[in-house]
Amino acid sequence: MQTAHLHEIAATLRQARLSRTPVTAPSKTWQQLDADDAFEVQRLTVEMAVADGDRVIGYKLGNIAKAMQAAFGLDQPDYGFLLASTVAYEGTAIDPGRFIAPFVELEPAFLLKRPLRGPNLTVADVIDAVEYAVPAIEIIDSRVRDWAIDLPDTLSDNGSTGAVIFGGTPRRITDLRLSDTRGTLRFNGEPVMSGNTKNILGNPLSATAWLCNRLAAYGVEFEPGQVILPGSCLEAVRMSTAGTWSGEFADWGSVEFDVTPT
């Protein structure tokens, strides 16, 4: 695609994010848009955010679990940059008005102590690079109207990022069983969805290796101090009313936040 068209898509999605107004899927307007073009759009939107004072803090992998792919009509994972502006604090209130059509996910988050560079990265490399893991909730949101997305649309939209809340129970990964840990998402204390970390490509360390190797094709490297979200262990749940959301991993820890309109 022409560079001018990529900049036009990026500007459209950036404005949709700022105004909280959904737009038609880019792939409907620009039918030649493919995954490589979409990643360039993603990179352009992040550059706009950084120019406005934001900061890249890591990366995310989405739609890695089959349940998530089925829910959103995709057959491949998506991925995106994590920005500091998307981070919310555990136990605080989040205004739903900052989103368009949000969903809540539970997943682990990895804090890196060493760089990760693909291609040909292995799970052993990931284990060596991770300093801590913490429970996390990701609120996904789409600037595309009615979540009518194909892969190029969600990639252009930075992996449908919305917000991230990190829990306060860091653990060494040697103290966790990431290939078989039950996760439960609750709303106002009642379970609404459950899953297992084995749904994240067998285990989230494998998913992290996959993400790093995939992004190596675009010259992206993970740096010490960055955070990696390897994907949700359960199907995302729509965030539609005020109340308290919490996510818990068995024998590990929890993370929660309130939804309060302002």
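A crossing of two helices is called right-handed if the near helix is turned clockwise from the far one, and left-handed if the near helix is turned anticlockwise from the far one by less than a right angle. Keep that in mind for the first stop, and remember throughout that you are looking at a predicted model.

**Stop 1**

Select helix H1, residues 3-19, together with helix H3, residues 35-51. Their axes come within 9 Å and cross at roughly 55 degrees. H1 and H3 are therefore oblique to each other, and H1 passes H3 in a right-handed crossing. Now show the side chains where they meet: on H1, pick Leu 6, His 7, Ile 9, Ala 10, Ala 11, Leu 13 and Arg 14. On H3, the partners are Asp 37, Glu 40, Val 41, Leu 44, Thr 45, Met 48 and Ala 49. If you colour this contact by residue class, you will find nine nonpolar, two polar and three charged residues.

**Stop 2: a cis peptide bond**

Next, go to Pro 119, which sits in the loop running between strand E5 (103-112) and helix H5 (123-129). Zoom in on the bond that joins Gly 118 to Pro 119: the peptide is cis, and its omega is near 5 degrees.

**Stop 3: two residues with positive phi**

Select Asn 158, in the loop that links helix H6 (151-156) to strand E7 (161-166). Although Asn 158 is not a glycine, its phi is positive, at about 55 degrees. Then jump to Asp 251, in the loop between strands E12 (243-249) and E13 (253-259). Asp 251 is not a glycine either, and has a positive phi of about 60 degrees.

Asp 251, by contrast, has a relative accessibility of 80% and counts as exposed.

**Stop 4: a buried threonine**

Finish at Thr 197, in the loop between strand E9 (190-196) and helix H7 (204-216). Its relative accessibility is 0%, so Thr 197 counts as buried. What lies 2.6 Å from a polar atom of the Thr 197 side chain? Draw a distance to the backbone oxygen of Leu 178 and you have it.

To see the surroundings, display the residues that Thr 197 touches, leaving aside those up to four places away in sequence.

Terms used. Residues are numbered from 1 along each chain as its sequence is written. This is a predicted model: local features need pLDDT of at least 70, side-chain atom pairs count only at pLDDT 80 or more; totals for chains, interfaces and linings use all residues. Side-chain values use heavy atoms; hydrogens and water are left out. Helices (H or I, at least four residues) and strands (E, at least two) are DSSP runs, numbered from the N terminus. Buried means under 20% relative accessible area, exposed over 50%, partly exposed in between (1.4 Å probe, protein chains only). A polar contact is a pair of N or O atoms within 3.5 Å; within protein, one must be able to donate a hydrogen and the other to accept it, and residues adjacent in sequence count only if both atoms are side-chain atoms. Contact means heavy atoms within 4.5 Å. Axes are lines fitted to C-alpha atoms, for helices over the stretch in contact, and angles run from 0 to 180 degrees between N-to-C directions. Angles under 35 degrees count as roughly parallel, over 145 as roughly antiparallel, 65 to 115 as roughly perpendicular and the rest as oblique. Ala, Val, Leu, Ile, Met, Phe, Trp, Tyr, Cys and Pro count as nonpolar, Asp, Glu, Lys and Arg as charged, and the others, Gly among them, as polar.
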